[in-house]
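Work through the exercises below with the structure open beside you. Try each task before reading its solution.

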Amino acid sequence: MTDDAFDFAIVGGGLVGLAIAYGLVRGNQRVVILDEGDNALRASRGNFGLVWVQGKGQGLPAYSSWTQLSARLWPEFAQMLRDDTGVDVALEQKGGFQICLSEAEMRVRVDAVRQLMIQPGFETYEIRTLDRHQLQGYYPGIGPGVVGGSYSALDGHLNPLKLFWALHLATQERGAAYRPNAPVTRITRDASRFVLACKESKAVLAQRVVLAAGLDNARLAPMLDMDLPVRPQRGQILVLERLRRFMDRPIVNLRQTDEGTVLIGDSQEEAGLDDRTSTTIAATLADRAVRTFPVLANARVVRTWGALRVMSPDGFPIYDRSRTQPGAFGATCHSGVTLAAAHALALAPRVIAGDLGDMLAPFAPARFQSARRSMEYV
Amino acid sequence: MFRRACPSRHLIQVTVDAETVNVEAGDTVAAALLALGKDACRTTPVTGSPRGPYCMMGVCFDCLVRIDGKANQQGCMVLVKPGMRIELQHGANALVDVLSAGRVRGTSPGNC
């Protein structure tokens, strides 16, 4: 490299950082990805693997539109990854379900869908309410306690580890430099370039910076005069033995992977940086799965794990650019799988253009400041 | 491939894929299968390639077999017992055939 500075330094080599990096290298940018090591808190290795639209966006209709855009972009994105790497991420978008195990749950679900859809500016799509009989058309083995559920044709899933692998291959295939074990300790500015000091390795120079460091964004953002107030939220997953394919479509808390493994998840706990598992949560997850499909009581659990979601105060993504440090951007969300296509194909081009545009304006962290300010007047 | 270093002392009867065979008491299921010359005890769920006992100490999970009707048991961790029903595994566990029975095909929720 003749110039010693990269066009972009991406801080964070998880699904969010890699998807943005992929979009940048496709836009002919010279990119370096600064990552931590194998012991990093890495949501990208612990997630459930849904490409999910149904129900998202209560309180921020723009989040539904952004999610819907990503779901629409996913087939094209998966094809690009396949063309670049030969890796098939096993994307299936044939629709997905949410299951209700009591009349009370069903009432809550129906009301939530109605509230979601009547929001001003909400980009509507169909979420169909199904009774028990209709669900049996899809899943004959549902338990006697299954009352009904909801269905959206936009939902789907993929193999998130294959996605992670494909993004690593694809970014490096297209020329991105990948630096593992290089946690960024400090970011300063030297004339027009950013200087990223890394633990135990040489500082990296870049014209522009994208913070995509997951939970570490909270620490890094103030160095660039940004605000990315994220906190960990633990999710636990139970993994069952590989079973002959019996689920055509995923349920939000229960899905069968392309290779036959059954995953049970969707727990939410405030547990700080503790990513361990607990038997109480495991029992709750298993109970719900067995009430959904009683025959799963005979299946063997082969593994469990905990992982930390990257949550903002309102649960929605944050995208921002620094007002005082031109060329510095931040991105954070807890749906790195669902939003990967939008991050690569819609966000990255905006980052190259230097302006996040109207579509992403609702995701600026200013929304938290105005909430704080209004609290002061109460 | 494998040969016993010491002569058999106490044989018991089990079935392997419904065939009655003599195995040495005190052997694990995996050791018994190797002694019977059944090196491959299963095929994998994803690619269907053959697998056999490897580590013999509960780590590699390659010796999975069905024992007394229960699939995916580690053969190297279970001792043979008189009358035990051992079955070699082919592909993924069929536990959920029940779920697929009577399945309605070719409909979508839009048609319900």
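The exercises that follow concern a predicted model.

**Exercise 1. Positive phi angles**

Task: Find where A191(A) and A18(B) lie, and decide whether each is buried or exposed.

Solution.
Step 1. Recall the general rule: most residues other than glycine have a negative phi.
Step 2. Check A191(A): phi is positive, about 55°, although the residue is not a glycine. A18(B) also has a positive phi, near 75°, and is a residue other than glycine.
Step 3. Locate them. A191(A) sits in the loop between β9 (184-190) and β10 (193-198) of chain A. A18(B) sits in the loop between β1 (11-16) and β2 (19-24) of chain B.
Step 4. Apply the cut-off: a residue is exposed if its relative accessible area is over 50%. A191(A) has 67%, so A191(A) is exposed. A18(B) has 72%, so A18(B) counts as exposed.

**Exercise 2. A hairpin in chain B**

Task: Describe how strands β5 and β6 of chain B are joined, and say how many residues of β6(B) are buried.

Solution.
Step 1. Find the strands: β5(B) covers residues 64-67, and β6(B) covers residues 70-74.
Step 2. Read the pairing. Three bridges join the two strands, which run antiparallel. In one of the pairings to look for, L64(B) has Q74(B) in β6(B) as its bridge partner.
Step 3. Look at the turn. Two residues lie between the strands of this hairpin, and D68(B) takes a positive phi near 50°.
Step 4. Check the cover of β6(B): four of its five residues are buried, which leaves the strand mostly covered.

**Exercise 3. An open sheet in chain B**

Task: Give the strand order of the three-stranded open sheet of chain B and find which strands stand at its edges.

Solution.
Step 1. Recall that strands of a sheet pair through backbone hydrogen bonds, either parallel or antiparallel.
Step 2. Write the order: β4-β3-β8 of chain B, with mixed pairing.
Step 3. Find the edges. β4 (50-51) and β8 (89-90) of chain B each have a single partner strand, so one side of each has no neighbour in the sheet.
Step 4. Take one pairing in detail. β3(B) and β8(B) run parallel and are joined by two bridges. Here R42(B) has Q89(B) in β8(B) as its bridge partner.

**Exercise 4. Aromatic pairs in chain A**

Task: Classify the pairs F97(A) with Y139(A) and Y319(A) with F363(A), and say where their members lie.

Solution.
Step 1. Start from the total: there are 12 aromatic pairs over all chains.
Step 2. Take F97(A) and Y139(A). Their ring centres are 5.3 Å apart and the planes are at 70°, an edge-to-face pair. F97(A) is in strand β4 (residues 96-100) of chain A, and Y139(A) is in the loop between α4 (132-136) and β6 (148-152) of chain A, 42 residues apart. Both F97(A) and Y139(A) are buried.
Step 3. Take Y319(A) and F363(A). This pair is also edge-to-face, at 5.5 Å centre to centre with 75° between the planes. Y319(A) belongs to strand β16 (residues 318-321) of chain A, while F363(A) is in the loop between α9 (357-360) and α10 (366-377) of chain A, 44 residues apart. Both Y319(A) and F363(A) are buried.
Step 4. Look for a wider group. F97(A), Y138(A), Y139(A), Y151(A), F246(A) and F293(A) form one aromatic cluster.

**Exercise 5. The second largest pocket**

Task: State which residues are closest to the centre of the second largest pocket and how its lining is made up.

Solution.
Step 1. Note the volume: the second largest pocket holds about 840 Å³ of space.
Step 2. Find the centre. Among the 31 lining residues, V239(A), R242(A), T261(A), V302(A) and R303(A) are the closest to it.
Step 3. Trace the elements. At least two lining residues each come from α5 (160-173), β12 and β15 (301-311) of chain A and from β3 (42-43) of chain B. β15(A) gives the most, with four residues.
Step 4. Sort the lining by type: 13 residues are nonpolar, nine polar and nine charged.

**Exercise 6. Two residues compared with the cut-offs**

Task: Decide whether V230(A) and F2(B) are buried, partly exposed or exposed.

Solution.
Step 1. Use the cut-offs: buried means under 20%, exposed over 50%, and partly exposed in between.
Step 2. V230(A) has a relative accessible area of 12%, so V230(A) is buried. Its contacts beyond four places in sequence include G214(A), V310(A) and T332(A).
Step 3. F2(B) has a relative accessible area of 48%, so F2(B) is partly exposed. Beyond four places in sequence, F2(B) is in contact with L34(B) and D39(B).

Definitions and conventions
Residues are numbered from 1 along each chain as its sequence is written. Chains are lettered from A and ligands numbered from 1 in the order in which they are written. This is a predicted model: local features need pLDDT of at least 70, side-chain atom pairs count only at pLDDT 80 or more; totals for chains, interfaces and linings use all residues. Side-chain values use heavy atoms; hydrogens and water are left out. Buried means under 20% relative accessible area, exposed over 50%, partly exposed in between (1.4 Å probe, protein chains only). Two strands pair if DSSP finds at least two bridges between them. Contact means heavy atoms within 4.5 Å. On a 1 Å grid over the protein atoms alone, a cavity is a set of points where a 1.4 Å probe fits but cannot get out, and a pocket is an open set with protein on both sides within 12 Å along at least five of seven lines; lining residues have an atom within 4 Å of a point. Grid points are joined across faces, edges and corners, and a volume is the space filled by probe spheres set on the points. Ala, Val, Leu, Ile, Met, Phe, Trp, Tyr, Cys and Pro count as nonpolar, Asp, Glu, Lys and Arg as charged, and the others, Gly among them, as polar. Rings of Phe, Tyr and Trp (its six-membered ring) pair if their centres lie within 6.5 Å; planes under 30 degrees apart count as stacked, over 60 as edge-to-face and the rest as tilted.
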